[in-house]
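These are my notebook entries on one structure. I looked up backbone angles, strands, aromatic rings and cores in turn.

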Amino acid sequence: MATICGRFTLSYDGAGLLHAYTATSDDRAAEWEPTYSIAPRTKAPVVREFVDDDGEMHRVLELARWGLHPSWAKDKGPRPINARLETIATNGMFRGPFSSGRAVVPMTGYYEWVAADDGKDPYFIHHPNGGLLHAAGLTAARKAEDGESWDITFTIVTREARDAGGEVHDRMPVFLTDDALEEWLAPGKLEKDQKEPLLGLLEDVSTAIAGQLVTRPVDRQVNNVRTLDRSDPSLIEPLPR
């Protein structure tokens, strides 16, 4: 078994995401095109909420780089792509983003691999109707090299697998229901007495959604990120095995 959830898909375009989340965005996020292989260190849409100086709340869709890189972290330090649900409130890398940098990472499925005698067989894990999945994410922001804009990075919260994906991997993303999405995104820093209830909510709703997911084998063309076409939907077509 692999050790992390390391690639996912998002078959919605920018307009579809803006409609689904009732969000606003800048031009870059709005121009997002369906992508069937999102890998670490590349950018993908995330959804965040914030309150402006006038007290007005905003929900925004923006592009962020996969691999959390807090402002205090060294340039060559680790950039984790996953954060364990069991320790996000206590781990030094994640407790700040958990308290005040929560986000949703939209996806329509993710890949896992199983070792075979002649290589690795990829599997695609998704909702049976192909719908949008709201993965719990954590974000961090740091000043860009221009000194004016901000670079946003993210990590995906994972938990023990409770879905069909458990057949091929022992971990999976934490997925949110629509109702839980509202509570997860609520802006502001968490108080101490809010953390455990929120973690419990994530455990409950992600267990319910996990039971709905299905796993199917796909072609090994998805294995090589250097040669595949990220816009090719055949990457997720079922493969008899």
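**Entry 1: two loop residues.** I looked up Arg 41 and found this residue partly exposed, with a relative accessible area of 47%. The cut-offs I used are under 20% relative accessible area for buried, over 50% for exposed, and partly exposed in between, with a 1.4 Å probe and protein chains only. Arg 41 sits in the loop between strand 3 and strand 4. Its phi is near 75°, which is a positive value in a residue other than glycine. I then turned to Thr 22, which also is not a glycine and has a positive phi of about 50°. Thr 22 belongs to the loop between helix 1 (14-21) and strand 2, and it counts as exposed at 70% relative accessibility.

**Entry 2: basis of the notes.** I note that the model is predicted, that local features need pLDDT of at least 70, that side-chain atom pairs count only at pLDDT 80 or more, and that totals for chains, interfaces and linings use all residues. Residues are numbered from 1 along each chain as its sequence is written, and side-chain values use heavy atoms, with hydrogens and water left out. Helices (H or I, at least four residues) and strands (E, at least two) are DSSP runs, numbered from the N terminus.

**Entry 3: strand 5 and its partners.** I asked which strands pair with strand 5, where two strands pair if DSSP finds at least two bridges between them. Strand 4 (residues 43-51) pairs with strand 5 in the antiparallel sense over 9 bridges, and Val 51 has Met 57 as its bridge partner in strand 5. These two strands form a hairpin with 5 residues between them, and Gly 55 in the turn has a positive phi of about 80°. Strand 2 (residues 24-25) pairs with strand 5 in the parallel sense over 2 bridges, with Leu 61 as the partner of Ser 25. Strand 11 (residues 150-160) is also a parallel partner of strand 5, over 2 bridges; there, Thr 153 is the bridge partner of Arg 65. Strand 5 (residues 57-66) is largely enclosed by the rest of the structure, because 7 of its 10 residues are buried.

**Entry 4: strand 7.** I found that 6 of the 6 residues of strand 7 (residues 102-107) are buried. In a regular strand, side chains alternate between the two faces of the sheet. In strand 7, Arg 102, Val 104 and Pro 106 are buried on one side, and Ala 103, Val 105 and Met 107 on the other. Strand 7 runs antiparallel to strand 10 (residues 133-143), joined by 6 bridges, and Val 104 has Ala 136 as its bridge partner.

Entry 5: I recorded an open sheet of 5 strands in the order 3-1-8-9-14, with antiparallel pairing. Strand 3 (35-38) and strand 14 (214-217) are its edge strands, each pairing on one side only.

**Entry 6: aromatic rings.** How many aromatic pairs does a search of the whole structure find? It finds 6, counting rings of Phe, Tyr and Trp (its six-membered ring) whose centres lie within 6.5 Å; planes under 30 degrees apart count as stacked, over 60 as edge-to-face and the rest as tilted. One of them is the tilted pair of Phe 98 and Trp 184, at 6.1 Å centre to centre and 35° between the planes. Phe 98 lies in helix 3 (residues 95-100) and Trp 184 in helix 4 (residues 178-185), so the pair ties together parts 86 residues apart in sequence. Phe 98 is buried at 0% relative accessible area, and Trp 184 is buried at 0% as well. I also noted that Phe 8, Trp 66 and Phe 154 form one aromatic cluster.

**Entry 7: nonpolar cores.** A nonpolar core here is a set of buried Ala, Val, Leu, Ile, Met, Phe, Trp, Tyr and Cys residues joined through side-chain atoms within 4.5 Å. The largest has 55 residues, and Phe 8, Ile 88, Phe 154, Phe 175 and Trp 184 have the most contacts inside it. Helix 5 (residues 192-210) gives the most to this core, with 6 residues. Apart from this core lies another of 9 residues, among them Tyr 36, Tyr 111, Val 222 and Leu 228.
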